[in-house]
Amino acid sequence: MKTTLAFDVYGTLINTQGVLLELQNLIGDQALAFSNLWREKQLEYSFRKGLMESYQHFGICTQQALDYCDAFFNTQLTDQQKTALLSIYKVLPAFDDVITGLSRLSKEQFAVYAFSNGLQESVENLLVHAKIDQYFDGVVSVDDLKTFKPNPKVYEYFLSQTQSTAENTWLISSNNFDVLGALNSGFNTVWVNRTKKQILDPWGDQPTIIADDLSSLAELISGFKD
């Protein structure tokens, strides 16, 4: 039986800071702080909407987070400028290590899926634009469940969609909440900590593997199994 790999997309495969250049053009020195808060609020809104059982898709969370940041930093972005920023979010680049890491995965050994809070179409378009879509067997979006990671139902849904078992599945993510959510559902996990500045939430749960990037992922997982 093949080992199933579930790749988180935003922040793991796709660099959400890809919007930074346009932000610098628009608001100058506030760009980095704006971009970081935009990402934080995007995730916070998905968590809150999931807990409230008041689902709105990830694109709406992204748009509302942008509106919040505009108000917080008093940048007074126009509707046209906001639309331009949201358009860039649809064509964000992959991290530099992604193609190297994905190309080393053996199709005989691994079944590879993108597993995301994002809409199916949005994720598929991102993978195509980043020129990495050919490495995946499919995309599993939480939108079908109308909730978000780290709800346990989302991880159960992934297993049902891919006909996998938790024991034979690896969640690969740069996001703490995703890694801990997958561990809670019995998955093996790889926490990708590229900057080494991230701190794992001190809940007592540890990722199966911690990696600096995706370049040696195949070897790490195969070595662990062996």
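**Close-up 1. Asp 212 and Lys 196 meet through their side chains in a salt bridge, with N and O 3.8 Å apart.** A salt bridge here is a side-chain nitrogen of Lys or Arg within 4 Å of a carboxyl oxygen of Asp or Glu. The view joins distant parts of the chain, 16 residues apart: Asp 212 sits in the loop between β6 (209–211) and α9 (217–225), and Lys 196 in the loop between β5 (188–192) and β6. Helices (H or I, at least four residues) and strands (E, at least two) are DSSP runs, numbered from the N terminus. Asp 212 is partly exposed at 43% relative accessibility, while Lys 196 is exposed at 59%. For these words, buried is under 20% relative accessible area, exposed is over 50%, and partly exposed is in between (1.4 Å probe, protein chains only). Please keep in mind that this is a predicted model, in which local features need pLDDT of at least 70, side-chain atom pairs count only at pLDDT 80 or more, and totals for chains, interfaces and linings use all residues. Residues are numbered from 1 along each chain as its sequence is written, and side-chain values use heavy atoms, with hydrogens and water left out.

**Close-up 2. Here the side chains of Asp 8 and Lys 149 form a salt bridge, 3.1 Å from N to O.** The partners lie 141 residues apart, with Asp 8 in the loop between β1 (3–7) and α1 (20–27) and Lys 149 in the loop between β3 (138–141) and α7 (152–162). Asp 8 is buried at 5% relative accessibility, and Lys 149 is buried at 1%.

**Close-up 3. Asp 70 and Lys 82 pair their side chains in a salt bridge, 3.4 Å from N to O.** Asp 70 belongs to helix α3 and Lys 82 to helix α4, so the pair ties together parts that are twelve residues apart in sequence. Asp 70 is buried, with a relative accessible area of 10%, and Lys 82 is buried as well, at 15%. Across the whole structure, a search finds nine salt bridges.

**Close-up 4. The largest pocket has a volume of about 570 Å³.** On a 1 Å grid over the protein atoms alone, a pocket is an open set of points where a 1.4 Å probe fits, with protein on both sides within 12 Å along at least five of seven lines, and lining residues have an atom within 4 Å of a point. The lining counts 18 residues, and those nearest the centre are Gly 11, Thr 16, Arg 39, Asn 175 and Gln 198. Helix α2 (31–52) and helix α8 (176–184) each supply at least two lining residues, with the largest share, five residues, coming from α2.

**Close-up 5. The second largest pocket has a volume of about 380 Å³.** Of its 18 lining residues, Tyr 10, Gly 59, Leu 86, Lys 90 and Ser 122 are closest to the centre. Two or more lining residues come from each of α3 (58–73), α4 (79–89) and α6 (120–129). Helix α3 gives the largest share, five residues.

Close-up 6. A disulfide is a pair of cysteine sulfur atoms within 2.5 Å. The sulfur of Cys 69 is 13 Å from the closest cysteine sulfur, in Cys 61, which is too far for a bond. Cys 61 is buried, at 0% relative accessible area, and Cys 69 is likewise buried at 0%.

Terms used. Points joined across faces, edges and corners; volume = space filled by probe spheres on them.
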